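Welcome, and please open your viewer. We will go from one selection to the next and see what is there.

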Amino acid sequence: MESGFGSDFGSGGGGGGKLDPGLIMEQVKVQIAVANAQELLQRMTDKCFRKCIGKPGGALDNSEQVRTGGRTGRPWPLSSGLPLRLCVPQKCIAMCMDRYMDSWNTVSRAYNSRLQRERANM
């Protein structure tokens, strides 16, 4: 009785149970990429929710009002002296997620650049 393990890893259908290391490596890389993307989204969601929704409920209170402005429209603290505009939670979360992804992409590019330099120096 076949257990089914490794059935997706074969080298073209019943060739004596041989595994294709290249195929396995590609599938593991895809699984790692998916797991990393899920973790990134979960962290981003958690951080932005905590930042934008201080007191979950049916309405915003004064502590959830944020000053926005400048060319980016990104939120600034109430103490900034800028005109007050309500930042509805969805807009705040969207802006937070945009900033989080921009930061993550910047760090990722810097990290990959450094890895390439390190590999070149080996």
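Start by selecting Cys52 and Cys92: the torsion about their S-S bond is about -75 degrees, so this disulfide is left-handed. A disulfide here is a pair of cysteine sulfur atoms within 2.5 Å. The pair ties together distant parts of the chain, with Cys52 in helix α1 and Cys92 in helix α2, 40 residues apart. Helices (H or I, at least four residues) are DSSP runs, numbered from the N terminus. The sulfur atoms of Cys52 and Cys92 lie 2.1 Å apart.

A word on what you are viewing: this is a predicted model, where local features need pLDDT of at least 70, side-chain atom pairs count only at pLDDT 80 or more, and totals for chains, interfaces and linings use all residues. Residues are numbered from 1 along each chain as its sequence is written, and side-chain values use heavy atoms, leaving out hydrogens and water.

Now colour by accessibility. Cys52 is buried at 6% relative accessible area, and Cys92 is buried too, at 5%; buried means under 20% relative accessible area (1.4 Å probe, protein chains only).

Next, select Cys48 and Cys96, another disulfide, with sulfur atoms 2.1 Å apart. Cys48 sits in helix α1 (residues 21-52) and Cys96 in helix α2 (residues 89-120), 48 residues apart. This link is left-handed, with -80 degrees about the S-S bond. Cys48 is buried at 0%, and Cys96 is buried at 15%.

How many disulfides does the structure hold? There are 2, and they follow the pattern 1-4, 2-3, with bonded cysteines counted along the chain.

Last stop: select residues 90-112, where the chain is 100% helix and 0% strand (strands are DSSP runs of E, at least two residues).

Key
Buried means under 20% relative accessible area, exposed over 50%, partly exposed in between (1.4 Å probe, protein chains only).
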